[in-house]
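Thanks for making time this morning.

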Amino acid sequence: MSTTTRSRESKLSLTAGQLPRFTWLALLVLAYAVTAGVLAVGSVMSLGAVVVIGSLLFLVAIFALSSAVEGRRKAVDRLFRYVFVGFFLLALAPLVSLVWQVVSKGMERFDLQYFTYSMRNVIGEGGGASHAIAGTLIVTGIATLISVPIGLLTAIFLQEYGGQGRLASSIRFFVDVMTGIPSIVAGLFAYTIFSALFGAGTRNGFSGAIALCILMIPTVVRSTEEMLRLVPNELREASYALGVPKFRTILKVVLPTSIAGIITGAVLAVARIIGETAPLLVTAGLNPSLNTNPFDTQMSTLPVFVYYQYVTPGIPQEPFYDRAWAGALTLILIVMGLNLFGRLLAWRFAPKPGR
C-alpha cells in the first residue's frame with residue numbers, strides 16, 4: 001500500500017463518525033422551538049418551562065444522535081460537557097441578572113450631582129452621595145492600612161517561623177474561627193470597646209474601620225500564608241547556602257516571588273469588607289453631611305447610605321430608591337476598580353521570566 005493511500009485512509013478514520021460542527025446549536029434551537037410550540041398549544045407558556053424542558057429535550061436528542069453517529073463513548077462525553085456548561089450558565093444567570101438590574105436602575109441618578117452633593121438639608125429629590133463615597137474610602141483605607149501589615153506579618157510568622165508549633169497552630173485555629181465570625185459581632189465588639197474607652201454611644205469612622213479590620217485580617221492572613229507556602233523551598237535553601245540571613249531571604253526572595261498572590265489576596269480582602277453594612281450601622285452610623293475626620297462624629301458610608309435610602313424612603317419614594325440603586329452601582333464600580341488596580345500591581349511587581 002502506498003504512502004498516499006495510507007495517509008488518505010488515516011484521515012478518513014480520524015474524521016469519520018463525527019457530527020457537523022454546529023449540530024448542537026441547531027438541535028438546541030429546535031428543542032426550544034418544539035417546547036415553546038407544545039406549551040403554547042397547551043396554554044401553559046412560560047419562559048422558565050421552555051428553558052428547562054427544552055434543555056432536557058436537547059440533552060436527550062444530542063445524546064441519541066451522537067450515539068448513533070459517533071458511538072456511545074463520544075456521546076457520553078458530549079452529554080457531560082453540555083451538562084457542565086448548562087450548570088455554569090445557571091450559576092452565571094443570577095450574577096448577570098443582578099448586574100443588569102443594578103446598572104439599569106442605578107443609571108437613573110448616576111450624574112454629576114450625585115457625586116458632588118451630600119444629603120444635607122435634602123428631604124425629597126436631589127442630593128447625592130459624596131459624603132457616603134468619601135466615608136467609604138476613608139473607613140476602608142484605614143482598615144486596609146491596619147489590616148494588611150498585621151495580616152502579612154502574621155502570615156510570615158506562621159509560614160517562615162512558626163511551622164507546626166503549638167503557638168502557630170493556635171493562631172491558625174483562631175484565624176479560622178475569626179473567618180466565620182458574623183459581621184454584626186465584629187461591629188458590636190468595636191462599638192463596645194469604643195464605648196468603654198471614650199464613653200457610651202461613641203460612633204465614628206475609626207470605630208467602623210476597627211470593626212472592618214476584625215473581618216479583614218483573617219482573610220489577609222490565610223491568603224498570604226497560602227501564597228508563601230507556594231514558594232519552593234529550593235529558593236530558600238539556595239539563599240541560605242549563600243549565607244543570606246533568614247530575614248533577608250524573606251524580604252529579597254520569598255516576598256518578591258509571591259507578591260502577585262499577596263496583592264490579589266489583599267484586594268479580595270478589601271472587596272470583602274467594602275460592602276459590609278451591619279458593623280458600620282453600629283459603629284460608624286449615618287451622617288447626612290460630609291465628614292472627613294474619622295475621629296469626629298458619625299460618618300456615612302455607601303452600604304449604610306444605600307440601606308437607609310431603601311428601607312426608610314420618604315414621599316415620594318422614587319428619589320430615595322434611585323439614590324439607593326446608584327449607590328449600589330457605585331459600590332460595584334469601586335470593587336471592579338480595586339480588582340483592576342490589584343491586577344495591575346500584581347503584574348507590575350510579579351517576577352518576570354528570565355530575571
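The largest pocket has a lining of 17 residues, and those that lie nearest its centre are Tyr32, Ser55, Tyr82, Gly86 and Phe87. Please keep in mind throughout that what we are looking at is a predicted model. The space in this largest pocket comes to about 550 Å³. Which helices supply its lining? At least two residues each come from helix 2, which covers 23–41, from helix 3, which covers 47–69, and from helix 4, which covers 72–106, and it is helix 4 that gives the largest share, with eight residues. As for the classes of residue in that lining, 15 are nonpolar and two are polar, while no charged residue is found there.

Let me turn now to helix 8, which runs over residues 183–198. The buried residues in helix 8 are Ser183, Ala186, Gly187, Ala190, Phe194 and Ser195. If you look down the axis of helix 8, these buried residues fall within an arc of 160 degrees, and so they line one face of the helix. What do the buried residues of helix 8 pack against? Their partners are helix 9, at 205–229, and helix 12, at 278–283. Just after helix 8 comes Gly199, whose phi is positive, at about 110 degrees.

A positive phi also turns up at Asn121, where the value is near 60 degrees, and this residue is not a glycine. For comparison, most residues other than glycine have a negative phi. Asn121 sits in the loop between helix 5, at 112–116, and helix 6, and, because its relative accessibility is 76%, where over 50% is the cut-off, Asn121 counts as exposed.

Is Thr140 buried or exposed? Its relative accessibility is 7%, and because buried means under 20%, Thr140 counts as buried. Once its neighbours within four places in sequence are left aside, Thr140 is in contact with Val270, Ile273 and Ile274.

How values were computed:
Residues are numbered from 1 along each chain as its sequence is written. This is a predicted model: local features need pLDDT of at least 70, side-chain atom pairs count only at pLDDT 80 or more; totals for chains, interfaces and linings use all residues. Side-chain values use heavy atoms; hydrogens and water are left out. On a 1 Å grid over the protein atoms alone, a cavity is a set of points where a 1.4 Å probe fits but cannot get out, and a pocket is an open set with protein on both sides within 12 Å along at least five of seven lines; lining residues have an atom within 4 Å of a point. Grid points are joined across faces, edges and corners, and a volume is the space filled by probe spheres set on the points. Helices (H or I, at least four residues) and strands (E, at least two) are DSSP runs, numbered from the N terminus. Ala, Val, Leu, Ile, Met, Phe, Trp, Tyr, Cys and Pro count as nonpolar, Asp, Glu, Lys and Arg as charged, and the others, Gly among them, as polar. The expected span of a helix is 1.5 Å times one less than its number of residues. Buried means under 20% relative accessible area, exposed over 50%, partly exposed in between (1.4 Å probe, protein chains only). The arc is that of the directions from the helix axis to the C-beta atoms. Contact means heavy atoms within 4.5 Å.
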